[in-house]
Amino acid sequence: MFSENAARVAVFISGSGSNLQALIDGTKAGILSAKIVLVVSSRRDAYGLERAAKENIDTFVFKAKKYATPEEAGEALLDKLAEHKVEYIALAGYLKLLPAELVKTYRNRIVNIHPALLPKYGGKGMYGHFVHEAVIANGDKESGVSVHLVDEIYDHGKVLEQVRVPVMPDDSPDDLAARVLKQEHKLYARVLEKLIKGKYHITNE
Ligand code: GRF
């Protein structure tokens, strides 16, 4: 199914992993010409680990606090990625900040998907239902999805693509989350594919 030179991708999760599933499905549908070779989870009980196991994808539970120093933690993670010859990283609901060394090593090859129109509703603590609650509380008429490059700051790197969705007057945060998530699943594989194929103009600012 995969060509010998398909890009090797690691997906980082902390929870359900429905975006991981969308990426897996994207590889099967030929939308994403990559091989997902590793799933890294910050939580042992993340459901996404089960999705990975079903697909025979190797998994690694990474808890930075288990290591003596942040540097050691970073090295252990980089070693794991090197072992799997990982070339690109897709964050899919990963809730921890990445080790600095990893961001440096994989600069411009790490993407994240965020359930809002960045730069609005980004930053530390802005995840999951907090995002959708804030959008509704502010009376915004639209929200959406952003896929962006990852740098040292939460939700800060260059935005590669966005898709907009309407916010309905009687939306609950769950309603809005579901509408946004549907678009996330359509978008992520396509953006990763474009990144791998060098379709974005990326400069090192
Ligand atoms: C998604 O809404 C994504 O945008 C955000 O975290 C959520 C992850 O959901 N970063 P899932 O684990 O992929 O189902």
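Which residue just after H1 takes a positive phi? In this predicted model, that residue is Gly 30, with a phi of about 80°.

H1 doesn't see much of the outside. Nine of its twelve residues are buried, so the helix is mostly covered, with buried here meaning under 20% relative accessible area. The buried set begins with the run Ser 18, Asn 19, Leu 20, Gln 21, Ala 22, Leu 23 and Ile 24, and also takes in Gly 26 and Thr 27. The cover over these residues comes from several elements, including strands S1 (7-13), S2 (34-41), S4 (88-91) and S5 (110-114). Helices H2 (47-54) and H6 (173-196) are also among the elements that cover them.

H1 turns up again around the ligand, where H1 and S5 each supply at least two residues of the shell. The surrounding residues are Ser 16, Gly 17, Ser 18, Asn 19, Gly 93, Ile 113, His 114, Pro 115 and Glu 184. By class, that makes six polar, two nonpolar and one charged.

Ser 16 uses its side chain instead, with a polar atom 3.3 Å from an oxygen atom of the ligand. On its own the ligand has 370 Å² of accessible area, and the protein covers 82% of that.

How values were computed
Residues are numbered from 1 along each chain as its sequence is written. This is a predicted model: local features need pLDDT of at least 70, side-chain atom pairs count only at pLDDT 80 or more; totals for chains, interfaces and linings use all residues. Side-chain values use heavy atoms; hydrogens and water are left out. Buried means under 20% relative accessible area, exposed over 50%, partly exposed in between (1.4 Å probe, protein chains only). Helices (H or I, at least four residues) and strands (E, at least two) are DSSP runs, numbered from the N terminus. Contact means heavy atoms within 4.5 Å. A residue is near a molecule or strand if one of its heavy atoms lies within 4 Å of it. A polar contact is a pair of N or O atoms within 3.5 Å; within protein, one must be able to donate a hydrogen and the other to accept it, and residues adjacent in sequence count only if both atoms are side-chain atoms. Accessible areas come from the Shrake-Rupley method with a 1.4 Å probe; for residues, only the protein chains shown count as cover. Ala, Val, Leu, Ile, Met, Phe, Trp, Tyr, Cys and Pro count as nonpolar, Asp, Glu, Lys and Arg as charged, and the others, Gly among them, as polar.
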